[in-house]
Amino acid sequence: MENYAEYEFYIDEYKGDLSNDLFDILIVKASRDIDRNVNCKLTEQKINSLKDEDKYKLQYTACELVDYINNYGGNSNSGKAKSISIDGVSINRDITDELQTKSKKQIYDNLPLVLTRWL
């Protein structure tokens with residue numbers, strides 16, 4: 001099975017800040033999540049046939065999902081308080097199920113149309 005972004009893309013293009021080890025764990029989950037939300041099986045051949053802009057969108061979406069999963073958990077929409085830390089400052093915030101779903105939908109809206117529209 002294919003993972004849809006590499007750590008180099010995550011750091012250089014997406015400007016993410018997770019460690020390589022954590023990214024490697026979460027990209028598998030993010031890629032399988034994308035598999036469940038596209039209209040075809042994403043084989044290496046299919047990915048290579050995408051336009052450069054669409055490949056970029058696929059990779060960027062995978063990176064957004066990595067951060068989403070890291071911040072809010074995988075398939076869990078518990079709505080419990082989550083803690084985040086930015087530059088040494090920790091913040092607890094309550095994320096509702098509706099907000100989590102909306103955020104994830106917004107991430108999927110960035111996938112290339114060729115992979116999400118029904119032909």
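Lys-104 is buried, with a relative accessible area of 18%. This value comes from a predicted model, as do the others in this report.

Buried Lys-104 has a charged partner: it forms a salt bridge with Asp-33, and the closest N and O atoms are 3.0 Å apart. Lys-104 belongs to helix H5 (residues 97–108) and Asp-33 to helix H2 (residues 20–35), so the pair ties together parts that are 71 residues apart in sequence. Asp-33 has a relative accessibility of 6% and therefore counts as buried, because the limit for that class is under 20%.

The search of the whole structure gives 5 salt bridges.

| Salt bridge | N to O distance |
|---|---|
| Lys-104 and Asp-33 | 3.0 Å |
| Lys-57 and Glu-53 | 3.5 Å |
| Asp-109 and Lys-105 | 3.4 Å |

Asp-109 and Lys-105 are both exposed. Salt bridges with shared partners join Asp-33, Arg-36 and Lys-104 into one network. In the case of Lys-57 and Glu-53, both residues lie in helix H4 and are 4 residues apart, about one turn of the helix. Lys-57 is partly exposed, at 31% relative accessibility, whereas Glu-53 is exposed, at 54%. As background, side chains of opposite charge can pair when their charged atoms come close.

**Aromatic pairs**

The count of aromatic pairs is 8. Phe-9 and Tyr-56 form one that is edge-to-face, with 5.3 Å from centre to centre and 70 degrees between the planes. This pair links distant parts of the chain, since Phe-9 is in helix H1 (residues 7–12) and Tyr-56 in helix H4, 47 residues apart. Phe-9 is buried, with a relative accessible area of 10%, while Tyr-56 is partly exposed at 34%.

Tyr-56 also pairs with Tyr-60: the ring centres are 6.0 Å apart and the planes are at 20 degrees, so this pair is stacked. The assignment follows because planes under 30 degrees apart count as stacked. Tyr-56 and Tyr-60 both lie in helix H4, with a spacing of 4 residues, about one turn of the helix. Tyr-60 is partly exposed, with a relative accessible area of 27%.

Ring pairs also define a cluster, which consists of Tyr-7, Phe-9, Tyr-10, Tyr-14, Phe-23, Tyr-56 and Tyr-60.

**Thr-61 in helix H4**

Helix H4 spans residues 52–72, and Thr-61 is found in it. Thr-61 is at 0% relative accessibility and counts as buried. With neighbours within four places in sequence left aside, Thr-61 is in contact with Ile-34, Ile-107, Asn-110 and Leu-111. Ile-34 falls within the range of helix H2 (residues 20–35), and Ile-107 within that of helix H5 (residues 97–108).

**Cysteines**

A disulfide is a covalent bond between the sulfur atoms of two cysteines. The count for this model is 0 disulfides. Cys-40 is partly exposed, at 25% relative accessibility, and Cys-63 is buried, at 0%.

How values were computed: Residues are numbered from 1 along each chain as its sequence is written. This is a predicted model: local features need pLDDT of at least 70, side-chain atom pairs count only at pLDDT 80 or more; totals for chains, interfaces and linings use all residues. Side-chain values use heavy atoms; hydrogens and water are left out. Helices (H or I, at least four residues) and strands (E, at least two) are DSSP runs, numbered from the N terminus. Buried means under 20% relative accessible area, exposed over 50%, partly exposed in between (1.4 Å probe, protein chains only). Contact means heavy atoms within 4.5 Å. A salt bridge is a side-chain nitrogen of Lys or Arg within 4 Å of a carboxyl oxygen of Asp or Glu. A disulfide is a pair of cysteine sulfur atoms within 2.5 Å. Rings of Phe, Tyr and Trp (its six-membered ring) pair if their centres lie within 6.5 Å; planes under 30 degrees apart count as stacked, over 60 as edge-to-face and the rest as tilted.
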